[in-house]
Amino acid sequence: MDHAMHHHTGAAPGAPWSMAIRATLHCLLGCAVGEILGMTIGTALLWGNVPTMVLAIGLAFVFGYSFTLFAVVRAGVSPKAAVKIALAADTVSIAVMELVDNAIIALTPGAMDAQLSEGLFWYALLGGFAVAFLVTTPVNKWMIGRGKGHAVVHAHH
């Protein structure tokens with residue numbers, strides 16, 4: 001990447017929005033699978049809100065990282081190196097997505113006590129993911145433009 005051109009214009013290094021959107025959709029998929037699975041398990045086992053959310057957030061990170069791990073290992077990277085790549089690529093994205101998504105759920109009246117069979121549960125969860133996507137995409141664009149986040153993965157595709 002030629003950093004010299006950015007110093008004269010005063011513009012921050014950039015990444016295409018399309019790359020940031022793809023990276024964020026990838027993150028969203030992992031987070032959604034993990035979080036929905038965690039919420040479903042916690043609700044089915046009649047756990048309280050805190051243990052259910054801890055499980056859901058933990059699984060969101062597991063699935064978010066695993067999607068990157070599998071893709072990078074498939075591209076021929078060793079599992080040990082793939083773990084480092086996944087951690088570098090996904091940690092900030094998943095953390096921002098989970099923070100925003102769970103804040104939306106927590107701030108939606110009644111959502112924390114809603115059951116899987118209730119529309120409020122799904123509206124809060126999906127609405128949280130939508131807002132998290134909108135917040136996380138510019139974060140990913142900024143990171144990719146600086147050679148961080150998902151830019152680390154693209155070097156191995």
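The crossing of α2 and α5 is right-handed; here, a crossing is called right-handed if the near helix is turned clockwise from the far one by less than a right angle, and left-handed if anticlockwise. The residues in this contact of α2 with α5 split into 18 nonpolar, 4 polar and 2 charged, where Ala, Val, Leu, Ile, Met, Phe, Trp, Tyr, Cys and Pro count as nonpolar, Asp, Glu, Lys and Arg as charged, and the others, Gly among them, as polar. Helix α2 covers residues 17-44, and its axis comes within 8 Å of that of α5, at a crossing angle of roughly 145°. Axes are lines fitted to C-alpha atoms, for helices over the stretch in contact, with angles running from 0 to 180 degrees between N-to-C directions.

A word on the ground rules: this is a predicted model, with local features needing pLDDT of at least 70 and side-chain atom pairs counting only at pLDDT 80 or more, while totals for chains, interfaces and linings use all residues. Residues are numbered from 1 along each chain as its sequence is written, and side-chain values use heavy atoms, with hydrogens and water left out.

Overall, the protein chain has 6 helices and 0 strands, taking helices (H or I, at least four residues) and strands (E, at least two) as DSSP runs numbered from the N terminus. Of its 157 residues, 39% count as buried (under 20% relative accessible area, with exposed over 50% and partly exposed in between, using a 1.4 Å probe and protein chains only). Among contacts (heavy atoms within 4.5 Å) with a separation of 6 or more, 70% come from residues 24 or more positions apart.

Next come the pairings that involve α4. Helix α3 (residues 49-74) packs on helix α4 (residues 79-107) at an angle of about 140°, with the axes 8 Å apart. The two are therefore oblique to each other, since angles under 35 degrees count as roughly parallel, over 145 as roughly antiparallel, 65 to 115 as roughly perpendicular and the rest as oblique. Their crossing is right-handed. On the α3 side, the residues that meet α4 include Met53, Ile57, Phe61 and Tyr65, while the α4 side includes Pro79, Val83, Leu87 and Ile94. By class, this contact of α3 with α4 has 16 nonpolar, 4 polar and 2 charged residues.

Helix α4 also packs against α5 (residues 119-145), at about 150° and with axes 8 Å apart. That makes α4 and α5 roughly antiparallel to each other. The contact of α4 with α5 contains 15 nonpolar, 5 polar and 1 charged residues. Its crossing is right-handed.

Phe67 sits in helix α3 and, at 27% relative accessibility, counts as partly exposed. Leaving aside residues up to four places away in sequence, Phe67 touches His26, Leu29, Gly30 and Val33. The C-alpha atoms of Phe67 and His26 are separated by 8.0 Å, although the two residues are 41 apart along the chain.

As for the cysteines, the disulfide count comes to 0, a disulfide being a pair of cysteine sulfur atoms within 2.5 Å. The sulfur of Cys27 lies 3.9 Å from its closest cysteine sulfur, that of Cys31, which is too far for a bond. Cys27 is buried, with a relative accessible area of 3%, and Cys31 counts as buried at 0%.
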